[in-house]
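Dear colleague,

Please find below the structure that I am handing over to you. My notes on what was found in it follow directly after it.

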Amino acid sequence: MDRLECDRMFIAVIDTGSFAAAATRLGTSAGQASKLVSRLEANLGVQLIMRTTRALSLSEAGRAYYERIKTLLEEFDDLDASVRNASGVPSGRLRITAPLTFGTTQLASVLIQFATAFPDIQLDVSFSDRIVNLVDEGFDAAIRIGRAEDSSLIARKLCAIRVVLVAAPSYLDGRGMPAEPAHLAHHDCIIDTNFWDPLTWRFKHHADPQAILADVHGRIQFSNAEACVAAAEAGLGIARAPSFVAGARLRVGAVKPVLSDFEDEPRGLYAVYPPGRHLALKVRVLVDFLANAFRGQPAWDKNWP
């Protein structure tokens, strides 16, 4: 197992480009990462990685070893996964990445239930809005919102994610309710800079298949949907936010829906994971658990006035 640990660290160093990044990926220190690779080189009697103060590069022997050992370890992991699946006991470290706001407001409670149900799984969750490379960064699965675009990954849709416009009753009483997207040009809009094109809002009327784009402006910008909804609740303008953020405030009447007849098509909430001949049982039970937890109409879309 010591040799296997050295081989895994060697692959991680090459895939990530540094000892520090490889150490983070495998949950250890940069010093330990360097020791493991040095131990592998001593065992083989050859230098695998050329080290300088500015970069790492593979030696000729290192490149040949990397290409072969990576294939062998992938086959080993497939075999390991198939045996574990046959045992019927989900176990091992499970690394997941998920969007920050959705992760903290909706996903964390579900993952706590999952961890309770599967005590042999070591759960390691990263909440970040950065789109990570699952394979290169050592993640088993990701939760993503949008449209599944990476054809190299397997994606399972969990539910629909609506994007809604909201404003406080006090703001609408003073400025009026816009009747169509073009009227937003005369309103203060609260901009969430996490959106792909934050200053262009997309709409779709149920009677027209064509998308409607509206350019918006406003003096308040946040890179966080919760902050945008809070600003709308304070009467500072109209916010665009996922319904899993706005739903609770809509339910109690703190904000009202705006342009609901022009609501854009919902995004999808997906569980994505790399393909493999044998899907690890820990990943399979996670995806099934999430699919069950989020099936049907999401809780955050219920009981609006």
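Two strands are said to pair if DSSP finds at least two bridges between them. Helices (H or I, at least four residues) and strands (E, at least two) are themselves DSSP runs, numbered from the N terminus.

The model is a predicted one, in which local features need pLDDT of at least 70 and side-chain atom pairs count only at pLDDT 80 or more, while totals for chains, interfaces and linings use all residues. Residues are numbered from 1 along each chain as its sequence is written, and side-chain values use heavy atoms, with hydrogens and water left out.

Overall description

The protein contains 9 helices and 14 strands. Taken along the principal axes, its C-alpha atoms fill a box of roughly 80 × 45 × 35 Å. Of its 305 residues, 41% count as buried; buried means under 20% relative accessible area, exposed over 50%, and partly exposed in between (1.4 Å probe, protein chains only). Among the contacts in the protein with a separation of 6 or more, 74% are accounted for by residues 24 or more positions apart, where contact means heavy atoms within 4.5 Å.

The protein exposes about 15800 Å², and carbon and sulfur atoms supply 52% of this area. Accessible areas come from the Shrake-Rupley method with a 1.4 Å probe, and for residues only the protein chains shown count as cover. There are 33 positive and 35 negative side chains, and the centres of the two sets lie 3 Å apart. In this count Lys and Arg are positive and Asp and Glu negative, with His and the chain ends not counted; the place of a charge is taken as NZ of Lys, CZ of Arg, CG of Asp or CD of Glu.

Strand β13 (residues 256-258) pairs with β7 in the antiparallel sense over 3 bridges, and Val166 stands opposite Pro257 in β13. Strand β12 (residues 238-242) is also antiparallel to β7, joined to it by 4 bridges, with Leu165 opposite Arg240 in β12.

Strand β14 and its partners

Strand β14 (residues 267-273) is mostly covered, with 7 of its 7 residues buried. Arg267, Leu269, Ala271 and Tyr273 point one way from β14, and Gly268, Tyr270 and Val272 point the other way. Strand β5 (residues 141-146) pairs with β14 in the antiparallel sense over 5 bridges, and Ile145 stands opposite Leu269 in β14. Strand β6 (residues 154-161) runs antiparallel to β14 and is joined to it by 7 bridges; the bridge partner of Ala155 in β14 is Val272.

Helices α8 and α9

In helix α8 (residues 243-251), the buried residues are Ser243, Phe244, Val245, Ala246, Gly247 and Leu250. Just after α8, Gly253 takes a positive phi of about 80°. The 13 residues of helix α9 (residues 281-293) should span 18 Å at 1.5 Å a residue, and this agrees with the 18 Å between its end C-alpha atoms. The expected span of a helix is 1.5 Å times one less than its number of residues. The buried residues of α9 include Leu281, Val285, Leu286 and Leu290, and Lys282 is also one of them.

Individual residues

Thr97 is located in strand β3 (residues 92-98). Why does Thr97 count as buried? Thr97 counts as buried because its relative accessible area is 4%. Leaving aside neighbours within four places in sequence, Thr97 is in contact with Ser126, Val132, Leu134, Phe139, Ala141, Ala142 and Ile143.

Leu123 lies in strand β4 (residues 121-127) and, at 31% relative accessibility, counts as partly exposed. Beyond its neighbours within four places in sequence, Leu123 is in contact with Leu94, Ile96, Leu111, Phe114 and Ala115. The C-alpha atoms of Leu123 and Leu172, which are 49 residues apart along the chain, are separated by 45 Å.

Leu279 is in the loop between β14 and α9 and counts as partly exposed, at 22% relative accessibility. Its C-alpha atom and that of Asp129, 150 residues away along the chain, are separated by 26 Å.

With kind regards
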